[in-house]
Amino acid sequence: MMKRITTTALAVALALAALAPAPAAVAQTLGQEPIGAPRVPASHSVEQADATLAQVARDRAAVHARYAAEEQLCYTLFFVNRCLDKAKEVRRVALSELRAVEVEANHFKRVESVERRDQELAERIRKDEAELATRQAQPAKPLPPAGASAGAPRAPAAGSSPQQRQAAYDAKVQRQQAEEAAGAGQRAANAAAFEKKAQVAAQRQVDVAARKAEKAAKLAARQKQAAAEERRAAEAAAAAAKR
């Protein structure tokens, strides 16, 4: 019976050795990082954040597999509960570290997405402003003299008096002036709409900055809490080792 238990324990131990992560892994080494090394590496691009999230998923699966193997080994030992408690604590610390890395990568991707939308909005506003300035800079079309172009009032039919011809010309001029006034009103409406859009964009940037600050504060608080839990776990493990 003792020989069979020893053989089983040896097989499980070999499986644990195969499942053990490489020492150079970042935040997935289950507490084996050098003292003073950063727990959560910062992301610098969306591609890097995606790669980090993919690595976290693989490492999380490895942590669960390692715990399953350690659980089987514990059942072959005399102090089963103590062994299981230690294995659970190792798993908890490892998952906590992976969660911190995952939170940082997701936070970076959200911030990057918001900044990209803000840049696109600012570019659209800049183009609208340039187009409006171009339209406003165009001079108003001068009124053509009588008979100078096809748009000028047509000469009245033969036999009309000079007073009738003058009245027809005055009517044409009044219609042209009314059209110019209508165009000026439309330009004023366009300018007001652009100003309103700029105010909305400015307020959006203020809101985005406030959300960024709030998210950064929450992330710092979670990292501080995770560090405190890890420190308490290390102290408990050290105390248990002394006993």
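My cut-offs here: buried means under 20% relative accessible area, exposed over 50%, and partly exposed in between, using a 1.4 Å probe and protein chains only.

**Ground rules**

I am working with a predicted model, in which local features need pLDDT of at least 70 and side-chain atom pairs count only at pLDDT 80 or more, while totals for chains, interfaces and linings use all residues. Residues are numbered from 1 along each chain as its sequence is written, and side-chain values use heavy atoms, with hydrogens and water left out.

**Entry 1: the overall layout**

I counted 4 helices and 0 strands in the protein chain. Both are DSSP runs numbered from the N terminus: helices are H or I with at least four residues, strands are E with at least two. Read from the N terminus, the order is α-α-α-α. Of the 243 residues in the protein chain, 23% are buried.

I also looked at contacts, meaning heavy atoms within 4.5 Å. Among those between residues at least 6 apart in sequence, 80% join residues at least 24 apart.

**Entry 2: salt bridges**

I next went through the charged pairs. Side chains of opposite charge can pair when their charged atoms come close. For a salt bridge I require a side-chain nitrogen of Lys or Arg within 4 Å of a carboxyl oxygen of Asp or Glu. The structure has 10 of them.

Back to Glu123: its salt-bridge partner is Arg126, with the closest N and O atoms 2.6 Å apart. The two residues are separated by about one helical turn, because they sit 3 residues apart in helix α3. Arg126 is partly exposed too, since its relative accessible area is 47%.

Which parts of the chain does the Asp118 and Arg204 pair link? First I noted the salt bridge between their side chains, at 3.2 Å from N to O. The pair ties together distant parts of the chain, with Asp118 in helix α3 and Arg204 in helix α4, 86 residues apart. Asp118 counts as buried, because its relative accessibility is 13%. Arg204, at 31%, counts as partly exposed.

I then found Glu229 and Arg92 joined by a salt bridge of 3.6 Å, N to O. This pair also links distant parts of the chain, Glu229 lying in helix α4 and Arg92 in helix α3, 137 residues apart. Glu229 is partly exposed at 25% relative accessibility, and Arg92 is partly exposed at 30%.

**Entry 3: the nonpolar core**

In soluble globular proteins, nonpolar side chains tend to be buried together. I define a nonpolar core as a set of buried Ala, Val, Leu, Ile, Met, Phe, Trp, Tyr and Cys residues joined through side-chain atoms within 4.5 Å. The largest one here has 5 residues: Val56, Val63, Ala94, Leu98 and Val101. The elements giving two or more residues to this core are α2 (46-74) and α3. Its largest share, 3 residues, comes from α3.

**Entry 4: His107**

I picked out His107, which lies in helix α3. His107 counts as buried because its relative accessibility is 14%. Apart from neighbours within four places in sequence, His107 is in contact with Lys215, Ala216 and Leu219.

**Entry 5: the largest cavity**

Rolling a probe the size of a water molecule over the atoms shows where empty space is left. I used a 1 Å grid over the protein atoms alone, where a cavity is a set of points that a 1.4 Å probe fits but cannot leave, and lining residues have an atom within 4 Å of a point. Points are joined across faces, edges and corners, and the volume is the space filled by probe spheres set on them.

My search of the whole structure turned up 2 cavities of 30 Å³ or more. About 50 Å³ of space lies in the largest cavity. Which residues line the largest cavity? They are Arg110, Val111, Val114, Val208, Arg211, Lys212 and Lys215. The elements giving two or more residues to this lining are α3 (80-137) and α4 (162-242), and α4 has the largest share, 4 residues.

Note on methods
1 Å grid on protein atoms, 1.4 Å probe; cavity = no way out; pocket = protein on both sides within 12 Å on 5 of 7 lines; lining within 4 Å.
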